Amino acid sequence: MNADLEKLQETNKTELERRGSIFNIGAPATEAVTTRDQIAVGFGDGTVRFFQSGSDPKTVKAHKGVVLSMTNYEDHVLTGGDDGRFLKISSDGNIEEIFNFGSKWVDCVASHKDTKVCSSGKTVYIWTKNKDKQQTLEHQSTVAGLAFDNKGKRLAVSRYGGVTVWKLNNNKWTASNYTWKGSHGTVTFSPDTKYIVTAMQENQIHGWRINDKADLAMSGYPSKIKSFTWVGDTPYLVTSGSSDAVCWPFDGKEGPMGRKPIVVANGGKELATFVKALNGEKAVFTGFTDGSVLLAEIDESKKPIMIRSSTGAEVSTIAISSDNSQILIGDMKGSILLSSLWADN
Amino acid sequence: MHEGGFYRTNYKEIDMENTSQVPVTVLTGFLGAGKTTLLNRILTEQHGRKYAVIVNEFGEQGIDNDLVVDADEEVFEMNNGCICCTVRGDLIRILSGLMKRADKLDAIIVETTGLADPAPVAQTFFVDQDVADRTKLDAIVTVADAVHLSSQLVDHHEAEEQIAFADVILLNKVELVEDNDIVKVNDRIRKINPFAKIIKTTRCDAPLDEIVGLNAFSLDRVLDIEPDFLESDHDHEHDDDVTSLSFVSDTPLDMDKFQDWFGNLLRTKGQDILRSKGILNFKGEEERYVFQGVHMLMDASPMGPWPKGKNRSSRVVFIGRDLDNMNLKEGFENCKSA
């Protein structure tokens, strides 16, 4: 660990920890998403808790076991659980069961405007507002990731052997396959929708340029990549999985092909486990295996700022409120830090 | 852990002191052997422990319990150039989900279908870092039907592999078989796998603590093998029969020589070596080293000091096909320190 970071750690508490609130929930924080004025967090005890500055979180007993997946949906959140339930939850505690898959887990969820999507096993289920019955999309192996493009016209489904990109035309979904050997997990579209990228079971990420299916193999990580986030106008795809936040440039015609990533936010011997963009800035929050979080600009000459000191439990989620005023950090032991990002708040 | 110690390719050192790893028992056996009876016992008996059970959807049971997880057996090839590296993709996903639970599990039991090769399931615990960090393969338990095992061994090579892979074998339904036939089937099992613990049961009525949570693959058993079975058996009928070999040395081994020999052996012959295990006495090392392998992959680590009053002898065992053509004895002898 470099000397600056050690110095920062010696002061025990960071500025954000001093002015923020710490909640010990006692179950791993699995997912966090931002709704209009709150941050919703799913936990390993099946609860979803809605956090807002200045008040205690509101707890909704949602699932029997683990909240496996979560996304925002209008003013609500959609959750999938290991109790087989796909739920729509509001912060006042109202739970609507969209579907019950019984003993099958609901592994992934996604939404776009009034469309609700989840996966259970090899099947993706889609509900749209004007249709009573859900549509289904079948795949050759278990679905491991779901992502809409920004227009909601394409849905990327990651699985063993690659990604199926479904395109919606005249109410019909048609499939296009992007193949690469190995098992693909979380998937994302680049903001300009020119690329799709997956985190693999191996220690690497894989991307495809959508129009010609050109492959981008990004490897060299010492561990699995559990998290990525798009940062800035370039944009950079910032990833966890290394002792730094690894930032791949996706500008120009070729994106990161043949280029080296920028590395920022060095965690010393700790590995990055979660990354989250600071909206509107060329900066990223990086959470590490020891629970610490750094804020760094995508600029190797700038020093990172310590946001949260070590808790001993790996950072599993970070969310920023929709007005960019609050940050929430959660870890695998269920400790939550909610704090204002700016000193004036 | 020793700096630079032991063989470092294709294996990850396991921290046997790390109690936060949840033990996982792999349960194999043919349809009808009694796996469901055992699973029902695990789920319903008042044992005061929390066990999660991962069942296959093609299995025979309709067990309804919060801690039962349905799985498809999805065997995935890794994209790492190792031809042997097939893993259970569904298992990686489910184990990672179970590790997010607020309540801690005492053990996890994974059921596999009768016709499934046990290797991918075992390899998942060697290959996937997240799985290896949070769980450990405790034992492979095979439920065998005392009535039908002999014919299954003739008709299905999967039956032979399930016996070969096992650390514990429940020889079930013994009440339906004459005593001398039990001896015969017992001997047949011993020919394939002399090292597994055989428990004769009626309705899988063995104590659960002899099946689940055995800790470290019951490696100590390697030292307690009945000598009768250590004689290499050369009268098998087919070249692809599964056999076993074991070697003992009272002379301490040279660690570098052993690493070279064993690493190369697994790399080149790993496909035919179903299981390898051993306890090793290295020259200049105070601690015992233990290892266990499945095909080309293995775990190795020091396991504390030698028990007082016990001989510091090294022993390695192999279960596999075509073992006679691997120069195992010569290779092992060459590892003795000068």
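1. Which residues are buried in α6(B)? In this predicted model, the buried residues of α6(B) are A159(B), E160(B), E161(B), Q162(B), I163(B), A164(B) and F165(B). Helix α6 of chain B, which runs over residues 157-165, is therefore described as mostly covered, with seven of its nine residues buried, where a residue counts as buried if 20 or more other C-beta atoms lie within 10 Å of its own.

2. On confidence, the predictor gives the complex an ipTM of 0.90 and a pTM of 0.87. Chain B averages a pLDDT of 81, and 83% of the residues score at least 70. Within chain B, confidence is highest in strand β8 (residues 168-172), at 95, and lowest in strand β13 (residues 297-305), at a mean of 81. Two stretches of chain B call for separate mention. Over residues 1-19 of chain B the pLDDT is below 50, and this stretch has 30 contacts in the model beyond near neighbours in sequence. Over residues 226-238 of chain B the pLDDT is likewise below 50, and there the model has 10 contacts beyond near neighbours in sequence.

3. Turning to chain A as a whole, the chain contains two helices and 30 strands. Its radius of gyration is 19 Å, close to the 20 Å that the globule rule gives for 345 residues, so chain A is as compact as a globular protein of that length. The C-alpha trace of chain A spans about 55 × 50 × 30 Å along its principal axes, and 54% of the 345 residues of chain A count as buried. Among the contacts in chain A with a separation of 6 or more, 42% are accounted for by residues 24 or more positions apart.

4. With strand β10 (residues 108-112) of chain A, the pairing of β11(A) is antiparallel over five bridges, and T115(A) is the bridge partner of H112(A). The hairpin of β10(A) and β11(A) has two residues between the strands, and K113(A) takes a positive phi near 50° there. With strand β12 (residues 123-127) of chain A, β11(A) again pairs in the antiparallel sense over five bridges, and S120(A) stands opposite T123(A) in β12(A). The hairpin formed by β11(A) and β12(A) also has two residues between its strands, and G121(A) in the turn has a positive phi of about 65°.

5. Further along chain A, four strands make up an open sheet in the order β20-β21-β22-β23, with antiparallel pairing. The edge strands of this sheet are β20 (228-231) and β23 (262-264) of chain A, each of which pairs on one side only, and the twist averages 25° from one strand to the next. Strand β21 (residues 236-239) and strand β22 (residues 245-249) of chain A pair in the antiparallel sense over four bridges, and L237(A) stands opposite W248(A) in β22(A).

6. As to the interface, 28 residues of chain A are in contact with 20 residues of chain B. Strand β16 (residues 172-189) of chain A supplies the largest share of the side of chain A that touches chain B, namely three residues. By class, that side of chain A has eight nonpolar, 12 polar and eight charged residues.

How values were computed:
Residues numbered from 1 in each chain as written. Chains lettered and ligands numbered in written order. Predicted model: local features only at pLDDT ≥ 70, side-chain atom pairs only at ≥ 80, totals over all residues. Pairing = 2+ DSSP bridges. Axes fitted to C-alpha atoms, helices over the stretch in contact; angles between N-to-C directions. Contact = placed C-beta atoms within 7 Å. Nonpolar A, V, L, I, M, F, W, Y, C, P; charged D, E, K, R; others polar. Buried ≥ 20, exposed ≤ 12 C-beta atoms within 10 Å, placed from the backbone. Rg over C-alpha atoms; globule rule 2.2 N^0.38 Å. pLDDT = per-residue confidence, 0-100.
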